[in-house]
Amino acid sequence: MREVIALPNLLTLANAFCGLLAISKGIDALALDVSAPALFYAKMEAAAGLIFLGMVFDMLDGKVARWTGGSSAFGGQLDSFADALTFGCAPALLTKMLIEREGPLLGYHGNPRIHFLCAAAFSLMAILRLVRFNLENEPDEDAHRSFKGLPSPAAAGAVASAILLYLVARQPGLETEQGALTPVGSLLQRLQVGVGFSMPWWYLLGLAALLPALGFLMVSRVRYTHMASALTRRGTFLTLVYLVFGAFLFWLAPIPILFVSFNGFVLFGIVRAILRRRQPKSA
């Protein structure tokens with residue numbers, strides 16, 4: 001039996017555990033009575049938050065494996081299985097749960113089969129993307145500066161942040177920091193009390209459509225930057241300044257910043273690919 005270094009593989013298993021717990025939280029939320037919306041939103045927020053926690057473990061396991069010399073084929077395969085669960089299945093299932101629970105409350109009555117197909121498209125494309133990555137992956141550090149196709153953690157982040165944005169708009173009390181409302185939470189609360197602000201029904205339809213769109217991007221050849229490698233590389237002094245002010249903004253409005261960051265990252269790759277195609281090829 002081959003020897004493996006425990007620490008990086010434990011971090012990978014922690015990633016998978018976050019995915020399983022996120023799905024469990026979503027199921028628990030669905031079991032709640034409709035008359036308890038606050039508890040439903042709180043459990044769904046915890047489920048979406050676990051996806052982001054899984055990203056932290058996913059980022060650490062590869063780094064720890066390289067630092068300890070514990071990179072192996074076993075670890076690579078385990079990482080892909082964990083990613084398929086946390087970044088492929090969990091976001092898609094949570095989205096389906098949210099749409100079918102909240103849709104009737106907003107006047108949206110979609111078809112459950114269509115919702116399932118949207119979720120299946122996201123999950124299956126995430127699995128295909130991970131299989132392709134395993135076959136094309138190179139151990140060289142320089143090969144990890146960019147990806148062919150949208151990385152599954154980024155796709156999961158785009159979905160999870162969209163779920164969180166819906167939840168905080170419906171329940172502004174979720175947008176808190178150390179028990180106090182953030183500026184965004186206070187603004188949303190005032191809008192609800194003052195003008196009766198509520199999320200439109202088509203937001204749920206947009207969430208359903210987002211799943212196959214992100215699934216297609218994951219198996220595409222659109223180039224995306226490896227953000228974990230970019231953040232850990234040497235940069236300029238201004239890069240550090242931008243990161244500090246980004247942290248300030250995140251502290252003021254964590255959920256909107258997550259939504260803008262992940263979905264902006266998705267759009268940035270598409271725009272860059274379009275602009276590169278329009279550039280004339282050199283002789």
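**The core and its aromatic rings**

Modeller: Cys89 is partly exposed, with a relative accessible area of 25%, whereas Cys118 is buried at 14%; buried means under 20% relative accessible area, exposed over 50%, and partly exposed in between, with a 1.4 Å probe and protein chains only. The structure holds 0 disulfides, a disulfide being a pair of cysteine sulfur atoms within 2.5 Å.

The model is predicted, with local features requiring pLDDT of at least 70 and side-chain atom pairs counting only at pLDDT 80 or more, while totals for chains, interfaces and linings use all residues. Residues are numbered from 1 along each chain as its sequence is written, and side-chain values use heavy atoms, with hydrogens and water left out.

The chain comprises 10 helices and 4 strands; these are DSSP runs numbered from the N terminus, helices being H or I of at least four residues and strands E of at least two. Of its 283 residues, 42% are buried. Contact means heavy atoms within 4.5 Å, and among contacts between residues at least 6 apart in sequence, 82% join residues at least 24 apart.

In soluble globular proteins, nonpolar side chains tend to be buried together.

Leu167 touches Tyr41, Met44, Glu45, Leu98 and Leu174, leaving aside residues up to four places away in sequence. Ser152 lies in helix H5 (residues 152-170) and is buried, with a relative accessible area of 3%. Beyond residues up to four places away in sequence, Ser152 touches Asp83, Phe87, Arg129, Leu130 and Met218.

Turning to the rings, the structure holds 6 aromatic pairs. Among them, Phe40 and Tyr41 are edge-to-face, 5.7 Å centre to centre with 65° between the planes. Phe40 counts as buried at 0% relative accessibility, and Tyr41 counts as buried at 3%. Phe245 and Phe248 form another edge-to-face pair, 5.7 Å centre to centre with 75° between the planes. Rings of Phe, Tyr and Trp (its six-membered ring) pair if their centres lie within 6.5 Å, with planes under 30 degrees apart counted as stacked, over 60 as edge-to-face and the rest as tilted. Phe245 and Phe248 both lie in helix H9 (residues 237-252), 3 residues apart, about one turn of the helix. Phe245 is exposed at 53% relative accessible area, whereas Phe248 is partly exposed at 47%.

The ring of Phe40 also has a charged neighbour: the charged end of Arg101 sits over it, 4.5 Å from its centre. The criterion is that NZ of Lys or CZ of Arg is within 6 Å of the ring centre and within 35 degrees of the ring normal.
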